[in-house]
Amino acid sequence: MPPEGGDIDLVARVNGGDVAAFDLIVGRYYEWVRLQAYRQLYDSEEANDVAQETFLYLYRRFPGFELTSALKTLLYSTLEGLCQRRRERGKRTVEFDEETGSQSAAHEAHGDSHDAETLVAQLSAEQRNLLRLRYSDDLSVPQLSEMLSVPEGTIKSRLARATDTLRDLAGVPMRRRA
């Protein structure tokens, strides 16, 4: 992960008119933004579009943009909003059978109904994204709290709820909490 000072310096350079510095920001975060969008939309073209729109949004904030938190935080909140709008417009590509509540046959061909991706896909978008940010991207609870603008306790309870839901979907008995 690049040092925060690097992002602050790049933002200052872009504010000063250095277009190449913006290219460095895009180079540093484009793949991460695209991956996060793909994880929400399950469509490569849509993810690429969201990544481009995310950086276009950022670019339009210059000059005068002030970095008040981690750049990843701003990028994530921007891409999350863009993904949400696309889902609301019906652009989501993973389909569910309304009668059975299961995923479409095309998606299930990748494994049985109990493989991890299939189970994760059955979670709400919020739960799915939170688990992936925590465990795939290895973000800490404090980092998630800052990125999602919610208290750490809320992050912990949402992670626990998502984990309990996964256990339920997998048919694993709940463990008793002390």
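The expected span of a helix is 1.5 Å times one less than its number of residues. Helices (H or I, at least four residues) and strands (E, at least two) are DSSP runs, numbered from the N terminus.

This is a predicted model, in which local features need pLDDT of at least 70, side-chain atom pairs count only at pLDDT 80 or more, and totals for chains, interfaces and linings use all residues. Residues are numbered from 1 along each chain as its sequence is written, and side-chain values use heavy atoms, leaving out hydrogens and water.

**View 1. Here is helix α9, residues 152-170.** Its 19 residues reach 27 Å from first C-alpha to last, close to the 27 Å expected at 1.5 Å a residue. Just after α9, look for Gly-171, with a positive phi of about 75°.

**View 2. Now meet the buried residues of α9 and their neighbours.** Ile-155, Leu-159, Ala-162, Asp-164 and Arg-167 are buried (under 20% relative accessible area, with a 1.4 Å probe and protein chains only). These residues pack against α7 (125-136) and α8 (141-148), where contact means heavy atoms within 4.5 Å.

**View 3. Helices α3 (residues 44-60) and α4 (residues 71-88) pack together.** The angle is about 130° and the axes are 9 Å apart; axes are lines fitted to C-alpha atoms, for helices over the stretch in contact, and angles run from 0 to 180 degrees between N-to-C directions.

Conventions:
Buried < 20%, exposed > 50% of the residue type's maximum accessible area, 1.4 Å probe, protein only.
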